[in-house]
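This report covers the packing of side chains in one protein chain.

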Amino acid sequence: MKTHHYILLTTALFILLFYNQSPGLNLGILSVVYAVLTFFRTPLRNRSRTFMLLMVTTVLSGTAFAWYGDFPSFLAVVSSLLLLGYRSRNRRMKILLLIPVVIVNFFTSFCRVFSFDEWLPKRNMSGLWQKILAFIFIPLVLVSVFFGIYAAGSDRFASLFTDWELDIDIWQLFVITMLGFFIAFNYWNYTVERLIYKNNRMLENNFREHEAIPKPTYSFLDLDSERISGAVSLFALNILLVFFIIAYNYEQFYEQVKTPVQLSEETHEQVNAVIVSIIMSIFVIMFYFKSGFNFDPKARFMKVLAKTWIVLNAVLVISAMLKNSEYIIHHGFTYKRLGVYAFLTLSLIGLVMTFIKIHFRKKNAFLFNTIAWYLYGTILICSYINWGGIITAENSKRRDFALNYHLTQINFSENQLLEYAAGKQDTKLREEIIRKIQARPQENFFSWILYYKNIR
């Protein structure tokens with residue numbers, strides 16, 4: 001099939017799945033169809049391991065959205081499809097360039113759609129397509145446009161058609177068609193500007209030979225002065241961090257017990273401070289270990305100091321994780337407390353990647369390229385796992401189980417609450433949960449959220 005076939009086919013499928021429907025099972029089906037069509041359209045040379053992995057994650061993300069229908073699974077579907085389409089045509093392009101590619105194509109698509117030679121066949125169309133276009137599509141568009149003009153200019157003309165009732169929402173159909181075409185056109189017919197292609201070299205992970213020559217970063221500071229400045233700065237930061245770790249751990253684990261509210265506020269403030277500190281630490285190391293300075297044979301002591309600082313920062317992250325674990329043991333699981341684990345884990349990964357960057361002399365772009373993939377993996381994990389069910393299942397074992405909180409604030413926990421009600425032989429609670437499920441709007445088939453169709 002040609003590009004215009006893919007565009008028309010997926011536009012028609014979008015209309016079929018989303019007309020008079022809300023997002024649910026339909027988006028899952030659409031993403032799987034897009035993934036399968038992308039696989040068949042992708043040349044063999046571009047079907048790399050990364051592409052095949054993205055193929056699997058796209059199908060899983062579509063399944064996750066059909067099951068949950070929430071924002072994390074929607075984000076997973078969108079990011080997976082964008083990455084899959086991007087990798088199917090650009091095997092060597094870096095993931096970070098996907099963002100400018102999407103933005104540029106979003107704005108230029110309104111003009112590119114009229115460049116028919118780029119996405120419609122240049123040769124004459126087959127007889128069937130030619131007849132459909134000439135005898136049905138073009139006259140239908142013209143009649144629709146002029147009917148709207150004439151109806152707006154004459155009430156009597158419009159009244160001639162008032163007795164005709166079609167069970168079709170014209171406005172919704174128009175919007176759905178335009179949205180489906182917009183998505184299909186940009187997915188199957190996007191472009192990568194030459195300037196973006198050129199910048200792909202800047203995001204390579206490794207230095208080239210001519211970049212491996214040590215040279216000063218600034219004209220007003222020679223190489224020796226810059227090296228000494230980095231060593232002094234990192235030595236001072238190591239000393240400062242050692243004292244901070246001691247004070248932080250003493251404050252966290254040895255000070256007097258606080259009220260739950262005070263403990264919650266202080267824990268989040270301290271964790272936020274740790275995360276900001278880690279991010280700033282990575283940027284400081286990126287500043288000193290950029291360009292050919294990584295290859296300076298006289299910078300060994302500076303590298304030792306930098307690696308020591310990374311290890312100390314890792315100790316700080318682990319301390320914050322232990323405090324968050326203690327907080328959960330005393331007060332139970334919540335979305336925020338699980339989120340703290342996610343952010344601290346990403347911070348720890350960032351430190352590990354920074355250590356690798358220094359040890360193996362990688363470019364700063366290596367950090368951004370790698371962390372981007374880990375962020376994508378985090379989105380997938382958040383969308384695939386029923387965190388609400390885990391929170392409710394674990395907290396229901398506690399004596400201080402806050403039932404009302406889990407009924408109103410925790411999503412996708414109905415199965416666990418029904419099990420809790422059965423264990424407590426609480427028929428009133430069971431009836432309340434069932435009423436809550438039955439109070440959900442009754443969706444059409446393509447709008448189903450499969451989780452609610454499979455509650456035991």
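## W188 and the cores

In this predicted model, W188 is in contact with T3, Y6, I7, T10, Y34, L37, T38, R41 and R89, leaving aside its neighbours within four places in sequence. W188 also belongs to the largest nonpolar core, which has 40 residues. Together with F18, L30, Y34, L84 and Y86, W188 touches the most other members of that core.

Seven elements are listed as giving two or more residues to this core: α1 (3-18), α2 (25-41), α3 (49-68), α4 (71-89), α5, α9 (170-188) and α15 (364-384).

## V101 in helix α5

V101 sits in helix α5, which spans residues 98-112. Its relative accessible area is 3%, so V101 is buried. Beyond its neighbours within four places in sequence, V101 is in contact with Y86, Y190, T191, V192 and I196.

## Aromatic rings

The whole structure holds 21 aromatic pairs. F106 and F107 form one of them, an edge-to-face pair with 5.1 Å from centre to centre and 90° between the planes. How accessible are F106 and F107? F106 has a relative accessible area of 40% and is therefore partly exposed. F107 reaches 58% relative accessibility, so F107 counts as exposed.

Elsewhere, ring pairs link W67, Y68, F412, Y451 and Y452 into a cluster. Y452 of this cluster has R440 over its face, at 3.8 Å from the ring centre.

## Helix α16

Helix α16 covers residues 387-395, and its buried residues are G388, G389, I391, T392 and N395. These residues lie on the same side of α16 because they cover an arc of only 165° around the axis. An α-helix has 3.6 residues a turn, so residues three or four places apart point the same way.

The buried residues of α16 are covered by elements that include α14 (335-359), α17 (403-408) and α18.

## Helix α18

Which residues of α18 are buried? They are E414, N415, L417, L418 and A421. Their arc around the axis is only 165°, which means that they are on the same side of α18. The face turned away from this buried side carries the exposed residues E419, G423 and K424. Among the elements that cover the buried residues of α18 are α16, α17, α19 (427-438) and α20 (450-453).

Leaving aside neighbours within four places in sequence, N415 is in contact with Y451, N454, I455 and R456. Y451 is also part of the ring cluster with W67, Y68, F412 and Y452. Just after α18, Q425 takes a positive phi of about 55°.

Note on methods:
Residues are numbered from 1 along each chain as its sequence is written. This is a predicted model: local features need pLDDT of at least 70, side-chain atom pairs count only at pLDDT 80 or more; totals for chains, interfaces and linings use all residues. Side-chain values use heavy atoms; hydrogens and water are left out. Helices (H or I, at least four residues) and strands (E, at least two) are DSSP runs, numbered from the N terminus. Buried means under 20% relative accessible area, exposed over 50%, partly exposed in between (1.4 Å probe, protein chains only). Contact means heavy atoms within 4.5 Å. A nonpolar core is a set of buried Ala, Val, Leu, Ile, Met, Phe, Trp, Tyr and Cys residues joined through side-chain atoms within 4.5 Å. Rings of Phe, Tyr and Trp (its six-membered ring) pair if their centres lie within 6.5 Å; planes under 30 degrees apart count as stacked, over 60 as edge-to-face and the rest as tilted. A charge sits over a ring if NZ of Lys or CZ of Arg is within 6 Å of the ring centre and within 35 degrees of the ring normal. The arc is that of the directions from the helix axis to the C-beta atoms.
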